[in-house]
Amino acid sequence: MAKQFPEGFLWGGATAANQFEGGYKEGGKGLNLADVLPGGKVRLQIISQPGFNYEIDHTKYTYPNHEGIDFYHRYKEDIALFAEMGFKVFRMSIAWSRIFPNGDELEPNEEGLAFYDRVFDELHKHGIEPLVTLAHYETPLHLIKEYGGWRNRKLVEFFERYVRTVFTRYKDKVKYWLTFNEINGATHMPLIGLGFSPESEETRLQDSFQGLHHQFVASAQAVKIGHEIIPGSQIGCMLIYAPVYSFDSNPDNVMYARQEADIFNFFCGDIQVRGEYPYFAKRYFKENNIELDIREGDLETIKEGTVDFISFSYYMSRTDKKEKTPEEVGVGNLIGGIKNPFLKASEWGWEIDPVGLRIALNELYGRYQKPLMIVENGLGAYDKVEEDGSINDDYRIEYMRDHIKQMGEAIEDGVDLIGYTSWGCIDLVSMSTGQYSKRYGFIYVDKHDDGSGTLERKRKKSFFWYKDVISSNGEVL
Ligand code: BG6
């Protein structure tokens, strides 16, 4: 096979602080949203319904994010394992509440800053480039309870202080940054993206788009500040991307799928990449009674702070039609749609569509012509440890092989793809269901939904497979 992946392609893995660090009260860290989310499938109900109270209740729930997989204490061992696989890049997030425990302080927490210094130094020791998300579903809890989350304009100011602090501190250690994780998921799940639980269905869209506007301004400011403080830095946006397929060729359904794609896939990207609200926003806002408070200077800031590259997560496509029967609704993916008869799904019902990744890459590159990076992709699955200690996750290898093949095709199509960090390269806590048993890793962590386990790390079969993929730069699959 011809060489498809460019030299210097950034192979690696991805994580988020709240899902794997643990140490939720150590080193002066304040609580954040993930610390109050219970473990188990109940979490999914909580994040998608109004009226969450943000209290920790040990009598009712477990809180797996508190311990995560204890990367906070085991980072050296974990980074050595990533290095053994040959990682070029490692995606992680900074927990904002480690740096500013409440979010609104004037001075940062030195212990929190020192922790990430140690992690970045360790990565560099192994020749691994950090790729750092500034906000990955971990808004400081105080900002949620006292200010109402991102609906409140004040968060723009607090976020600016936080990014100035981390850019200044890590300017010689981190070159690649992402602003808001899966920013476009906010309207679906405002609680995790924007830090508020909508009071009603009527206010959900108004508040979500206002919160998003604040994040667009905050993100653009971060890009501008990052470029000033760290010359040569590369700062990207981060989208959750799912190509939207029309269920059939009925033009009404095709139009519907197109409009859904516009608002879900392209709305945020257009603002962060092109620096302008898209042409279709006006009508959408009017029809949904959305009126934004846009302050003087906001649109200029957004124009000046466009991103250097586009990163996205890819887990699934979405198939949809305008009129759905109650039986069709809700069977399928996290982000909506109906069942696609041509696709199989994971054990959590997420439809597996490798060709959809090639479509996503072509759609994004065709629209924006900017370098792309896939910063999440992978298969959540139950793994079994055999008696001899081995973990034979052939299903994961097959999933990733099929997706990486499609990446190669997209590169041949002419797409400028610069990197791939698979999600949860080491097993961690699932975001949507708060489970340990939904595993994504090349590295198994002995930790279970009932809280038991030694936290011992083990190499799965996919560990050795991915190592070969990286060392052959994608030629050996
Ligand atoms: C992405 C998030 O949506 O999907 C991650 O950015 C998350 O935080 C990942 O973990 C996989 O989802 P889940 O629910 O299987 O953990």
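Reader: How do H3 and H5 lie to each other, roughly parallel or roughly perpendicular?

Author: This is a predicted model. In the model, helix H3 (residues 71–85) and helix H5 (residues 110–125) pack at an angle of about 20°. Angles under 35 degrees count as roughly parallel, so H3 and H5 are roughly parallel to each other.

Reader: And how far apart are their axes?

Author: The axes of H3 and H5 are 10 Å apart, and the crossing is right-handed.

Reader: Which residues meet there?

Author: H3 brings Tyr-75, Lys-76 and Ile-79, and H5 brings Val-119, Glu-122 and Leu-123. By class, the contact of H3 with H5 has 4 nonpolar residues, 2 charged and no polar ones.

Reader: Before going on, what confidence does the predictor give?

Author: The average pLDDT of the protein chain is 96, and 99% of the residues score at least 70. For the complex, the predictor gives a pTM of 0.98 and an ipTM of 0.99.

Reader: Ok, the ligand. Which residues come nearest to it?

Author: There are 14 residues around the ligand, and the nearest are Ala-16, Gly-380, Ser-430, Met-431 and Ser-432.

Reader: What classes make up that shell?

Author: The shell around the ligand has 7 polar, 4 nonpolar and 3 charged residues.

Reader: Back to helices. At what angle do H7 and H9 cross?

Author: Helix H7 (residues 154–169) and helix H9 (residues 201–229) cross at roughly 25°, and their axes come within 9 Å. That angle makes H7 roughly parallel to H9. H7 passes H9 in a right-handed crossing.

Reader: What does each helix put into the contact?

Author: From H7 there are Leu-155, Val-156, Phe-159, Glu-160, Val-163, Arg-164, Phe-167 and Thr-168. They meet His-214, Val-217, Ala-218, Gln-221, Ala-222, Ile-225, Gly-226 and Ile-229 of H9. The contact of H7 with H9 divides into 10 nonpolar, 4 polar and 2 charged residues.

Reader: What about H13 and H14, how do they pack?

Author: Helix H13 (residues 354–368) and helix H14 (residues 394–413) have axes 8 Å apart, at an angle of about 30°. H13 and H14 are therefore roughly parallel to each other.

Reader: Is that crossing left-handed or right-handed?

Author: H13 passes H14 in a right-handed crossing. On the H13 side, the contact is made by Pro-354, Val-355, Leu-357, Arg-358, Leu-361 and Asn-362. H14 contributes Asp-402, His-403, Lys-405, Gln-406, Met-407, Glu-409, Ala-410 and Asp-413.

Reader: How many of those are charged?

Author: The contact of H13 with H14 has 5 charged residues, along with 6 nonpolar and 3 polar.

Definitions and conventions
Residues numbered from 1 in each chain as written. Predicted model: local features only at pLDDT ≥ 70, side-chain atom pairs only at ≥ 80, totals over all residues. Near = placed C-beta within 6 Å. Nonpolar A, V, L, I, M, F, W, Y, C, P; charged D, E, K, R; others polar. pLDDT = per-residue confidence, 0-100. Axes fitted to C-alpha atoms, helices over the stretch in contact; angles between N-to-C directions. Helix = DSSP H or I, 4+ residues; strand = E, 2+ residues; numbered from the N terminus. Parallel < 35°, antiparallel > 145°, perpendicular 65-115°, else oblique. Left-handed = near helix turned anticlockwise from the far one by under 90°. Contact = placed C-beta atoms within 7 Å.
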